[in-house]
Amino acid sequence: MKITVAGEKKEVKEGLTVAELIAIEDVETPEYVTVSLNEEFVEQEGFSATTLKEGDEVEFLYFMGGGR
Amino acid sequence: MQITIKKEDYEAMLSHAKSVAPEEACGLIAGEDQPEGIREIKKVYMLENVDHTNEHFTIDPKDQLAAIKDMRSANLKPLGNWHSHPESPSRPSEEDKRLANDKNASYLILSLENAEDPVLNGFHVESIDGEKTVRKEELSIV
């Protein structure tokens, strides 16, 4: 099936979960990443239980913060 | 990596940073990576520092997502973020390094420590063998 990840169309296997996509995409420090799926945020604890579907749009949002 | 930022974008960033000082200002940068290795910033986003302090900044993921949607619609690529150091130099603090987790991003820091002579630098931060390594990027205001 085709999904869009960070603006790029990709072919992935049916039934792929968000957790599996994070591993495939080699996302560093996933604990600092927020995932949006079709503009809705997915909670970290829901990564393994959230299955992707044809046409889904995923964005990985790195935590953006810091200090002086 | 060589980075370019337009003078008007730099000035808008500076103006925003001064307007919210002494709080840290923050936002995102978007543009294109040119084949010859030049990272061209084409748009700067001024976003709310939800911490509202002079010691930290945090960008709300909702604001981040809205900005990224805007970038996608304009065929721009997310290139990283920027923030101000109202009272300290233009270099990543330990907290900045700890929270810089996107090795593809450029991290711009605008120092207002000397109000008469603001300094903007770009940095690449990458975790190598468990240690955060910082490399200054060549940044030109064009």
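1. Read along its sequence, chain B of this predicted model follows the pattern β-α-β-β-β-α-β-α-β-β-β, and the count for this chain is accordingly three helices and eight strands.

2. The C-alpha trace of chain B spans about 40 × 35 × 30 Å along its principal axes. Of the 142 residues in this chain, 38% count as buried. Among the contacts in chain B with a separation of 6 or more, 62% are accounted for by residues 24 or more positions apart.

3. Strand β1 (residues 2-5) and strand β3 (residues 38-47), both of chain B, pair in the parallel sense over four bridges, and B:Ile3 stands opposite B:Arg39 in β3(B).

4. Two residues in strands of chain B illustrate contrasting surroundings. B:Pro78, whose place is in strand β5 (residues 77-85) of chain B, counts as buried because it has 23 C-beta neighbours inside 10 Å, where 20 or more are required. Leaving aside neighbours within four places in sequence, B:Pro78 is in contact with B:Leu28, B:Ala30, B:Ile68 and B:Met71; the C-alpha atoms of B:Pro78 and B:Ala67, which are eleven residues apart along the chain, are separated by 8.9 Å. B:Ser140, by contrast, is found in strand β8 (residues 131-141) of chain B and is exposed, with 10 other C-beta atoms within 10 Å. From B:Ser140 to B:Gly27 the distance in space is 19 Å, C-alpha to C-alpha, and the two are 113 residues apart in sequence.

5. Which elements of chain B give two or more residues to the side that touches chain A? In the contact between the chains, 23 residues of chain B meet 17 residues of chain A, and the elements in question are β4 (56-58), α2 (61-73), β5 and α3 (94-98) of chain B. The largest share of this side, five residues, comes from α2(B). By residue class, the side of chain B that touches chain A divides into six nonpolar, ten polar and seven charged residues.

6. The contact between the chains also includes strand pairing. Strand β6 (residues 65-67) of chain A and β4(B) pair in the antiparallel sense over three bridges, and within β4(B) the bridge partner of A:Gly67 is B:His56.

7. In chain A, strand β1 (residues 2-5) and strand β2 (residues 8-11) run antiparallel and are joined by four bridges, with A:Glu11 in β2(A) as the bridge partner of A:Lys2. The two strands β1(A) and β2(A) form a hairpin with two residues between them, and A:Ala6 in the turn has a positive phi of about 50 degrees.

8. Some backbone values deserve a careful look, since most residues other than glycine have a negative phi, and most peptide bonds are trans. A:Thr29, in the loop between α1 (18-24) and β3 (33-37) of chain A, has a positive phi of about 40 degrees although it is not a glycine; A:Thr29 is partly exposed, with 14 other C-beta atoms within 10 Å. A:Glu39, in the loop between β3 and β4 (40-42) of chain A, likewise has a positive phi, near 70 degrees, and counts as exposed with 11 C-beta neighbours inside 10 Å.

9. A cis peptide bond is found in chain B, running from B:Ala21 to B:Pro22 with omega near 10 degrees. B:Pro22 lies in the loop between α1 and β2 (26-33) of chain B.

Notes. Residues numbered from 1 in each chain as written. Chains lettered and ligands numbered in written order. Predicted model: local features only at pLDDT ≥ 70, side-chain atom pairs only at ≥ 80, totals over all residues. Buried ≥ 20, exposed ≤ 12 C-beta atoms within 10 Å, placed from the backbone. Contact = placed C-beta atoms within 7 Å. Nonpolar A, V, L, I, M, F, W, Y, C, P; charged D, E, K, R; others polar. Pairing = 2+ DSSP bridges.
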